[in-house]
Amino acid sequence: MTTEKFILPPKPDGDSAPYWEYLRKHQAHLQKCSKCGRLRFPPYPSCPYCGTFGGEWTPISTRCKLYSWTVIQHPVDPRLAAEVPFIVALVELEEGVHIIGRLLGIEPDKLKGDMPVKVRYDDIDDAFTLINFEPAA
Ligand SMILES: [Zn+2]
C-alpha cells in the first residue's frame with residue numbers, strides 16, 4: 001500500500017469523527033442503535049432500521065468473511081499506477097454488517113467468496129488510518 005499522501009483524505013463530520021478517531025488508535029468501532037441494537041455503517045445521525053437518533057460506539061469483531069470484491073486494473077490516479085491490480089473488498093463482519101476496504105496480501109486469482117479475512121489498520125498519513133483487510137491465517 002502506498003505511503004504517499006492520501007489522494008482524497010476523509011473529511012470527518014459530527015457523525016463520522018469517532019469512527020476515524022477509533023481507527024487512528026487501531027480500533028474498529030461502529031454505531032449501535034440504542035433502541036433496536038443494530039449496528040450501522042457508514043456512520044449516520046440516525047438508525048436506518050428504526051429511525052432512532054444517536055447511539056453508542058461499540059467495538060466490532062475483526063474477523064469477517066469476503067462478501068464481494070472488484071479488482072482495480074486501471075489506476076484512477078497516476079500515484080496508484082504501481083499498485084494495480086489491487087482489490088477493493090466488501091466484507092461481512094461477524095455481526096452481519098458489511099464494510100468496505102482494500103484486501104491486501106492475496107492475489108486476485110486466489111479470491112473465494114466467504115473466505116475468512118481479518119481487519120488490518122493502515123496509517124495513511126499523520127492524521128488518518130484506513131480499515132483494510134487481509135486473509136485470516
Ligand atoms: Zn434502530
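The legends below describe close-up views of a predicted model of one protein chain.

**View 1. Overall fold of the protein chain.** The chain comprises one helix and eight strands, and these follow one another along the sequence in the pattern α-β-β-β-β-β-β-β-β. The radius of gyration is 16 Å, close to the 14 Å given by the globule rule for 137 residues, so the chain is as compact as a globular protein of that length. Along its principal axes, the C-alpha trace extends over about 45 × 30 × 25 Å. Buried residues account for 15% of the 137 residues. Among contacts with a separation of 6 or more, 51% link residues 24 or more positions apart.

View 2. The domain assignment divides the chain into domain 1 (13–60) and domain 2 (61–137). Their C-alpha centres are 21 Å apart. Nine residues from domain 1 and 11 residues from domain 2 take part in the contact. On the side of domain 1 that touches domain 2, α1 gives the most, with three residues. By class, that side of domain 1 consists of seven nonpolar, one polar and one charged residues.

**View 3. The largest nonpolar core.** This core contains 16 residues, of which Cys64, Ala89, Val91, Leu93, Leu103, Val117 and Phe133 touch the most other members. Two or more residues each come from α1 (17–24), β4 (63–72), β5 (86–93), β6 (98–103), β7 (116–123) and β8 (129–135). Strand β5 makes the greatest contribution to the core, with four residues. Domain 1 (13–60) and domain 2 (61–137) both supply residues to this core, which therefore lies between them. In soluble globular proteins, nonpolar side chains tend to be buried together.

**View 4. Surroundings of phenylalanine 133.** Phe133 is one of the core residues that touch the most other members. With neighbours within four places in sequence left aside, phenylalanine 133 is in contact with Cys64, Ala89, Val91, Gly101, Leu103, Val117, Lys118, Val119 and Arg120. Among these contacts, Cys64, Ala89, Val91, Leu103 and Val117 are also listed with Phe133 among the core residues that touch the most other members.

**View 5. Strand β4 and its pairing with β5 and β7.** Strands β4 and β5 run antiparallel and are joined by eight bridges. Within this pairing, threonine 70 has valine 88 of β5 as its bridge partner. Strand β4 also pairs with β7 in the antiparallel sense, over three bridges. Here cysteine 64 stands opposite valine 117 of β7. Both Cys64 and Val117 are among the residues of the largest nonpolar core that touch the most other members. In a regular strand, the side chains alternate between the two faces of the sheet.

**View 6. Proline 135 in strand β8.** Proline 135 belongs to strand β8. Not counting residues up to four places away in sequence, proline 135 touches Gly105, Ile106, Met115 and Val117. The C-alpha atoms of proline 135 and valine 119 are 8.9 Å apart in space, and the two residues are 16 residues apart in sequence.

Conventions: Residues numbered from 1 in each chain as written. Predicted model: local features only at pLDDT ≥ 70, side-chain atom pairs only at ≥ 80, totals over all residues. Core = buried A, V, L, I, M, F, W, Y, C linked by C-beta atoms within 7 Å. Buried ≥ 20, exposed ≤ 12 C-beta atoms within 10 Å, placed from the backbone. Domains from an automatic or database assignment. Contact = placed C-beta atoms within 7 Å. Rg over C-alpha atoms; globule rule 2.2 N^0.38 Å. Nonpolar A, V, L, I, M, F, W, Y, C, P; charged D, E, K, R; others polar. Pairing = 2+ DSSP bridges.
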